Amino acid sequence: MLRTDTPLYRRLQWLIFPALFIGPLWGAAVLIGAGYSVAIVTYGVIAAMWIAFLALEWLMPFRRDWNTPAGDLRNDTISALIAYGLLPALLKPVFYAMLAGAAAWLALQWGGNIWPTHWPLWAQLIILMLAGDAGRYWGHRLAHEVPLLWRFHAVHHSATRLWFFNAMRQHPVDKTVFTFTELLFPILLGAQGDVLALYLIATASCGYFQHCNIDVKLGPLYYIFNIVDLHRWHHSREIWQSNNNYGNNLIVYDILFGTRYLPKDEPITDIGLINPDYPQTYWQQFMAPFRKGNLDKEVGRRV
Ligand SMILES: [Zn+2]
């Protein structure tokens, strides 16, 4: 663990996000441009990010107690394989097929491809992140405000500590809602090409930065990205705090719709669900939304 009272530590706090957001994107763009397989580059870069996050959580923890395993590794591993391995592979072709007619109709009205394939990749990535978040913001907000959807989304909020790996704890039904709302506008706009691989890397990086147990500083970037402290508040046990900060990668739609929440100089309160008896194994959590009873906190209330 690094000493926190050194100039090196303070510099690292500011450098970690730019390095682990821009670095993987730049590396992937160079390798894909050099002709390497898009799939191998994408998953190779994400695997390298896992190693970096693991090392930094150990070297610069935001909270030391969050580095202690809470019996969650098995649950989160199964969830990662299902919700982030199997499900996207099954769902994406279905959603593309469902929306193909609407996308073709829109392109016809536009007079050709809507997606600006001739723009630089970084500009396409910004448009894609804005398009993805436009739908995902509402998918996530509804998951908090509609009681039926909250039953499924509560699984993600059941984590009792935050570290990069439990970004992938998600009920399959919740993941389906999130994937559809996230892909809706990108598919309708006809997003295509290498920018999709870069988007996957950018989203993985932001997802890990949302949940990571690393002592990161962001400053004004808290008005662009919905990560680190903003997402820690989203995991608060207090409903009036957690029903905020819904963006997937960006905080811009929360600013637009009045749900950005980042109190100054206030320590993060306990995270997780109000119900202390919420189950913690994968299968119990898979079944939890279908069971009667007060399994989770009240929804639909913001102050
Ligand atoms: Zn949530």
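Tutor: Helices α3 and α6 cross in a right-handed sense. This is a predicted model. Helix α3 covers residues 73–110, and helix α6 covers residues 172–188. Their axes come within 9 Å and cross at roughly 35°.

Look at the residues that meet. From α3 come Ile82, Ala83, Leu87, Pro88, Leu91, Lys92, Phe95, Tyr96, Leu99, Ala102, Ala103 and Leu106. From α6 come Pro172, Lys175, Thr176, Thr179, Phe180, Leu183, Ile187 and Leu188. The contact is made up of 16 nonpolar, two polar and two charged residues.

Now follow α3 itself. A straight helix of 38 residues would span 56 Å, at 1.5 Å a residue. Helix α3 spans only 48 Å between its end C-alpha atoms. There is a bend in α3 of about 50°, at Ala100. Just after the helix, Gly111 has a positive phi of about 95°.

How many of the 38 residues of α3 are buried? The count is three, and α3 is hardly covered. The three are Asn75, Ser79 and Ala83. Ala83 also belongs to the α3 residues that meet α6. The cover over the buried residues of α3 includes α6 and α11, residues 282–287.

Turn to α5, residues 147–157. Helix α5 is mostly covered, with nine of its 11 residues buried. These are Leu149, Trp150, Arg151, Phe152, His153, Ala154, Val155, His156 and His157. They pack against α4, α6, α9 and α11.

Pick out Leu125, which sits in α4, residues 121–145. Leu125 is buried because it has 20 C-beta neighbours inside 10 Å, and 20 or more is the cut-off. Beyond its neighbours within four places in sequence, Leu125 contacts Val195, Leu198, Tyr199 and Ala202. Take Ala202. It is 77 residues from Leu125 in sequence, yet their C-alpha atoms are 8.7 Å apart in space.

Helix α7 runs over residues 195–211, and α8 over 229–234. Val228 lies in the loop between them. Val228 is not a glycine, but its phi is positive, about 45°. Val228 is buried, because 25 other C-beta atoms lie within 10 Å.

In α8, stop at Arg232. Is Arg232 buried or exposed? Arg232 counts as buried, because it has 22 C-beta neighbours inside 10 Å. Not counting residues up to four places away in sequence, Arg232 touches Leu162, Ile268 and Ile271. Gln210 is 22 residues from Arg232 in sequence and 7.1 Å away in space, C-alpha to C-alpha.

One more loop remains. Asn245 lies between α9 and α10, residues 252–257. Its phi is positive, near 55°, and Asn245 is a residue other than glycine. Asn245 is buried too, because it has 24 C-beta neighbours inside 10 Å.

Methods. Residues numbered from 1 in each chain as written. Predicted model: local features only at pLDDT ≥ 70, side-chain atom pairs only at ≥ 80, totals over all residues. Helix = DSSP H or I, 4+ residues; strand = E, 2+ residues; numbered from the N terminus. Buried ≥ 20, exposed ≤ 12 C-beta atoms within 10 Å, placed from the backbone. Contact = placed C-beta atoms within 7 Å. Axes fitted to C-alpha atoms, helices over the stretch in contact; angles between N-to-C directions. Left-handed = near helix turned anticlockwise from the far one by under 90°. Nonpolar A, V, L, I, M, F, W, Y, C, P; charged D, E, K, R; others polar. Expected span 1.5 Å × (residues − 1). Bend = angle between axes of the 7 residues up to and from the residue.
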